[in-house]
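Please find below a colleague's note on the model, arranged as numbered points. The reading begins with one chain and then moves to the contact between the chains and to individual side chains.

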Amino acid sequence: MSLTDLTIKGALEGLKKKEFTAVELNQAHIDAMAKHKDLNCYITETAGHALTQAAESDKRYASGNTLKLDGIPLGIKDIYCTKGIRTTVASRILENFVPTYESTVTSQLFAAGATCLGKLNLDEFAMGCSNETSYFGNVISPWKSKSEPNKQLVPGGSSGGSAAAVAARLCMGATGTDTGGSIRQPAALTGIVGMKPTYGRCSRWGIVAFASSLDQAGMFARTVEDTALLMNHACGHDEKDSTSSPREVPDFTQSVGQSIKGLKVGIPDEYRIDGLPEEITAEWDKGIEWLKSEGAEIVRISLPHTKYALPTYYIINPAEASSNLARYDGVRYGLRVDEGGNLNDMYEKTRAAGFGPEVRRRIMVGTYALSAGYYDAYYVKAQKTRRLILQDFEKAYEKCDFILTPPAPSAAFGIGEQIDDPIQMYLNDVFTVTVNLAGLPGLTVPTSLNSDGRPLGLQLIGRSFDEETLFRAGAAIEKCANFKAHPFKGDAA
Amino acid sequence: MSKISKEEAKRIAKLARIAVTDEEAEKIGPDLSNILGWIEQLAELNTDNVEPLANVANIDLKKRKDEVTDGDMQQDVLANAPESMEGFFVVPKVVE
């Protein structure tokens with residue numbers, strides 16, 4: 001077996017038994033990155049940095065004083081500030097930005113011994129569902145459509161580089177961020193595991209701000225257990241983020257393998273939306289049967305305000321984005337376009353040149369929704385609807401322990417198929433945005449390939465701060481689904 | 001339903017400090033109208049007695065002593081500035 005096909009758990013065992021070194025493990029991934037450069041997963045590769053970190057890991061393995069993630073090569077979504085390593089958010093406006101500080105989540109992962117292979121591509125400022133808005137070009141999914149092998153599939157977004165890289169074995173795990181589905185949807189489209197924890201579980205400090213009341217960090221890996229292990233180190237209270245929770249972080253790996261007998265699984269009526277492809281419904285039904293076979297009890301629930309979640313999200317998200325992105329003014333960091341006019345001319349030209357079309361669109365929608373005369377009709381209205389959506393979940397959790405839904409309304413689509421229709425693109429998040437609006441944890445687990453060879457998965461939604469039940473039930477689904485497909489099966493790798 | 005005119009589009013762009021040409025403003029109007037029209041389905045929902053929800057983090061913001069906890073990082077602060085001079089950010093002339 002190639003070193004890049006190992007799980008994180010397997011790699012840690014191999015490193016401890018000295019079957020291979022951390023340098024060898026990292027080099028295997030660096031070679032894979034070179035071989036699959038066409039997927040455009042990485043914006044900035046940091047092979048030298050990873051090998052230096054790996055050499056330090058090898059010293060610790062030699063001395064026996066090892067760390068929990070020692071030598072495990074990770075990719076970092078290029079929205080996490082990394083000290084001394086360029087951080088672009090896939091935007092021209094930060095094309096040459098080199099942070100002088102390290103985000104809390106990445107500093108915790110590296111303190112646990114993980115190495116950094118590079119910075120992963122994403123939708124510009126994490127605004128997108130297909131990784132087609134990046135200034136650094138589209139990310140291409142490693143999966144192929146059987147019926148149209150020449151068609152390039154999207155990896156989903158916004159964490160498209162992270163998802164594609166983990167699926168393509170170009171890193172063992174990756175960080176992501178999830179504002180409306182940006183971890184769970186790309187995980188589903190690329191056949192891997194992705195977790196967005198409860199709002200407040202991970203520090204947002206050092207992550208480029210997008211929509212602050214919705215943004216949450218999370219992790220990708222290829223197994224539920226690996227994801228749980230990474231989440232142990234990504235989570236935790238941080239003085240530097242006032243919304244980060246002081247709650248203790250449990251050892252999430254302990255949940256994996258625990259029985260789900262007697263757990264109540266909520267199936268929301270409102271998620272059976274019109275026009276949902278048969279294969280998505282069928283996969284959902286399979287999930288229900290798997291959970292039943294493991295001893296869980298199925299409960300019908302209602303989340304009556306679901307249909308208002310997307311319009312609510314597309315007020316709150318652009319409003320917060322327009323406010324957060326006001327900082328890009330060409331003065332303190334980033335691009336400046338100064339053609340000799342006054343200060344306002346410089347601001348306007350810098351922002352017109354630095355932001356791509358989707359970012360400009362959201363800033364303008366947000367600016368409008370927050371402007372005098374419209375604030376109550378849009379922004380306050382959305383905040384009220386947001387409360388109703390939260391209350392839907394609170395009521396549902398009186399009857400069930402977690403909720404099972406599809407993660408996305410379709411399998412991966414082709415590059416270019418939806419990018420010209422913003423509302424069509426926004427609909428990709430129909431099953432994921434509710435979770436961000438309510439601040440809940442969500443987990444995507446891969447389950448099958450569809451008849452065309454494209455991955456399908458399931459989403460589990462938990463109670464606030466109950467990631468453990470999701471890992472427990474996610475591992476049960478993983479065991480039943482036994483998803484073993486490899487995007488390069490038949491490849492010489 | 002909101003119809004955003006070309007003039008309204010220019011006003012929004014101005015508020016957002018994003019330069020737009022006349023041709024761009026022509027396209028922005030219908031684009032924003034389309035999205036806002038879709039968003040306006042919220043109007044059908046009665047929210048009369050609902051408190052707005054600003055943030056789901058159920059955390060009491062902690063107080064701390066008002067004291068300096070870091071500093072002395074002028075070089076770090078200026079490291080990514082497009083233009084700086086003698087420890088300051090440089091901007092186009094603001095005061096005539």
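1. Of the contacts in chain B between residues at least 6 apart in sequence, 32% join residues at least 24 apart, where contact means heavy atoms within 4.5 Å. The secondary structure of this chain consists of three helices and two strands, which follow one another along the sequence in the pattern α-α-α-β-β; helices (H or I, at least four residues) and strands (E, at least two) are DSSP runs, numbered from the N terminus.

2. The radius of gyration of chain B is 23 Å, well over the 12 Å that the globule rule gives for 96 residues, so the chain is more spread out than a compact globule. That radius is taken over C-alpha atoms, and the globule rule is 2.2 Å times the number of residues to the power 0.38. The C-alpha trace of chain B spans about 55 × 45 × 25 Å along its principal axes, and buried residues make up 30% of its 96 residues. Buried stands for under 20% relative accessible area, exposed for over 50%, and partly exposed for what lies in between (1.4 Å probe, protein chains only).

3. On provenance, this is a predicted model, in which local features need pLDDT of at least 70 and side-chain atom pairs count only at pLDDT 80 or more, whereas totals for chains, interfaces and linings use all residues. Residues are numbered from 1 along each chain as its sequence is written, chains are lettered from A and ligands numbered from 1 in the order in which they are written, and side-chain values use heavy atoms, with hydrogens and water left out.

4. How many residues does each chain bring to the contact? Chain A supplies 65 residues and chain B 51 residues, and between them the two chains bury about 5100 Å², 67% of it on carbon and sulfur atoms. Buried area is the accessible area (1.4 Å probe) that two parts lose on being put together, summed over both. In chain A, the residues that lose the most area to chain B are A:E348, A:M364 and A:Y368, which together account for 13% of what that side buries.

5. Across the interface of chain A and chain B, 18 residue pairs are in polar contact, both residues being at pLDDT 80 or more. A polar contact is a pair of N or O atoms within 3.5 Å; within protein, one must be able to donate a hydrogen and the other to accept it, and residues adjacent in sequence count only if both atoms are side-chain atoms. On the side of chain A that touches chain B, the elements α9 (309-324), α10 (343-354), α11 (357-370), α12 (375-396), α13 (422-426) and α14 (433-438) of chain A each supply at least two residues, and α12(A) gives the most, with 11 residues. By class, this side of chain A has 31 nonpolar, 20 polar and 14 charged residues; Ala, Val, Leu, Ile, Met, Phe, Trp, Tyr, Cys and Pro count as nonpolar, Asp, Glu, Lys and Arg as charged, and the others, Gly among them, as polar.

6. B:D31 forms one with A:R361, their closest N and O atoms being 2.8 Å apart, and a network of salt bridges links A:E358, A:R361, A:R362 and B:D31.

7. What surrounds A:D70? Not counting residues up to four places away in sequence, A:D70 touches A:L12, A:L15, A:S57, A:R60, A:Y61, A:A112 and A:G113. The side chains of A:D70 and A:R60 form a salt bridge (2.8 Å, N to O); A:D70 lies in the loop between α3 (47-63) and β2 (73-77) of chain A and A:R60 in helix α3 of chain A, so the pair ties together parts that are 10 residues apart in sequence. A:D70 is buried at 0% relative accessible area, whereas A:R60 is partly exposed at 24%. A polar contact of 2.7 Å also joins the side chains of A:D70 and A:S57, and a polar atom of the A:D70 side chain lies 3.0 Å from the backbone nitrogen of A:L67.

Conventions: A salt bridge is a side-chain nitrogen of Lys or Arg within 4 Å of a carboxyl oxygen of Asp or Glu.
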